[in-house]
Amino acid sequence: MFEEPEWTEAAPVAAGLWQVTPQPRPAVPLEDESVDVAVICLSLMGTNIRDFLEEANRVLKPGGVLKVAEVSSRFEDVRAFLGAVTKLGFKVISKDLTNSHFFLFDFEKTGPPRVGPKAQLSGLKLQPCLYKRR
């Protein structure tokens, strides 16, 4: 029988908290720089991708890891996406573009965003996610 380790009670999952809210920015109920790893998996469907990435930067400890998994067909220019994420305070650790359905990225937090809040980051504009009937 599987038993959850004790640390799971001390590490709350913020699933569903990054959805579009009436607030100007989503806010995960975690302290600044309190998390070692953040995962964004199929969560970049909204138009406020930057908010999600900035919130991940806020809660990650220096040197913390951000893992992103997203539908590959949404990327028009992967290089522009990686450049935009870099400007938001991350360094690319690895990328896996070999899967025909999903791209996987690992980033390391290097510091706060290096661009102001009004800076336009075109690499964060992803294509809509279209599903095919089978």
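1. Start with helix H2. Ile-49, Arg-50, Asp-51, Phe-52, Leu-53, Glu-54, Glu-55, Ala-56, Asn-57 and Val-59 are buried in H2. Buried means under 20% relative accessible area, exposed means over 50%, and partly exposed lies in between, with a 1.4 Å probe and protein chains only.

2. Ground rules. This is a predicted model, in which local features need pLDDT of at least 70, side-chain atom pairs count only at pLDDT 80 or more, and totals for chains, interfaces and linings use all residues. Residues are numbered from 1 along each chain as its sequence is written, and side-chain values use heavy atoms, with hydrogens and water left out.

3. Overall layout. The chain has 3 helices and 4 strands. Helices (H or I, at least four residues) and strands (E, at least two) are DSSP runs, numbered from the N terminus. Along the sequence the pattern reads α-β-α-β-α-β-β. Of the 134 residues, 35% count as buried. Contacts here are heavy atoms within 4.5 Å. Among the chain's contacts with a separation of 6 or more, 73% come from residues 24 or more positions apart.

4. The sheet. The 4 strands form an open sheet, ordered S1-S2-S4-S3, with mixed pairing. S1 and S3 are the edge strands, and each pairs on one side only. From one strand to the next, the twist averages 15°. Two strands pair if DSSP finds at least two bridges between them. Strands of a sheet pair through backbone hydrogen bonds, either parallel or antiparallel.

5. The parallel pair. S1 and S2 run parallel and share 6 bridges. Val-37 sits opposite Val-65 in S2. The chain goes from S1 through H2 to S2, and this β-α-β crossover is right-handed. Right-handed is defined with the strands pointing away from the viewer: the path from the first strand over the helix to the second runs clockwise.

6. The antiparallel pair. S3 and S4 run antiparallel, joined by 6 bridges. A hairpin of 5 residues connects S3 to S4. Phe-90 has Lys-109 in S4 as its bridge partner. Ser-94 stands opposite Asp-106 in S4.

7. H2 lies across S1, S2, S3 and S4, and runs at about 150° to S2. H3 lies across S3 and S4, at about 25° to S4. Axes are lines fitted to C-alpha atoms, for helices over the stretch in contact, and angles run from 0 to 180 degrees between N-to-C directions.

8. Ile-49 belongs to helix H2. At 3% relative accessibility, Ile-49 counts as buried. Leaving out residues up to four places away in sequence, Ile-49 touches Leu-44, Leu-124 and Leu-126. The C-alpha atoms of Ile-49 and Lys-125 are 8.0 Å apart, though 76 residues separate them along the chain.

9. Aromatic pairs. There are 7 aromatic pairs in the structure. Rings of Phe, Tyr and Trp (its six-membered ring) pair if their centres lie within 6.5 Å; planes under 30 degrees apart count as stacked, over 60 as edge-to-face, and the rest as tilted. Phe-81 and Phe-105 have ring centres 5.5 Å apart and planes at 45°, so this pair is tilted. The pair links distant parts of the chain, with Phe-81 in helix H3 and Phe-105 in strand S4, 24 residues apart. Both Phe-81 and Phe-105 are buried. Ring pairs join Phe-75, Phe-81, Phe-90, Phe-103, Phe-105 and Phe-107 into a cluster.

10. The core. A nonpolar core is a set of buried Ala, Val, Leu, Ile, Met, Phe, Trp, Tyr and Cys residues joined through side-chain atoms within 4.5 Å. The largest one has 26 residues, of which Leu-44, Leu-53, Leu-66, Phe-81, Phe-105, Phe-107 and Leu-124 touch the most other members. The elements giving two or more residues to this core are S1, H2, S2, H3 and S4. Beyond its neighbours within four places in sequence, Phe-105 is in contact with residues including Leu-66, Val-68, Phe-75, Val-78, Phe-81, Leu-82 and Leu-97.
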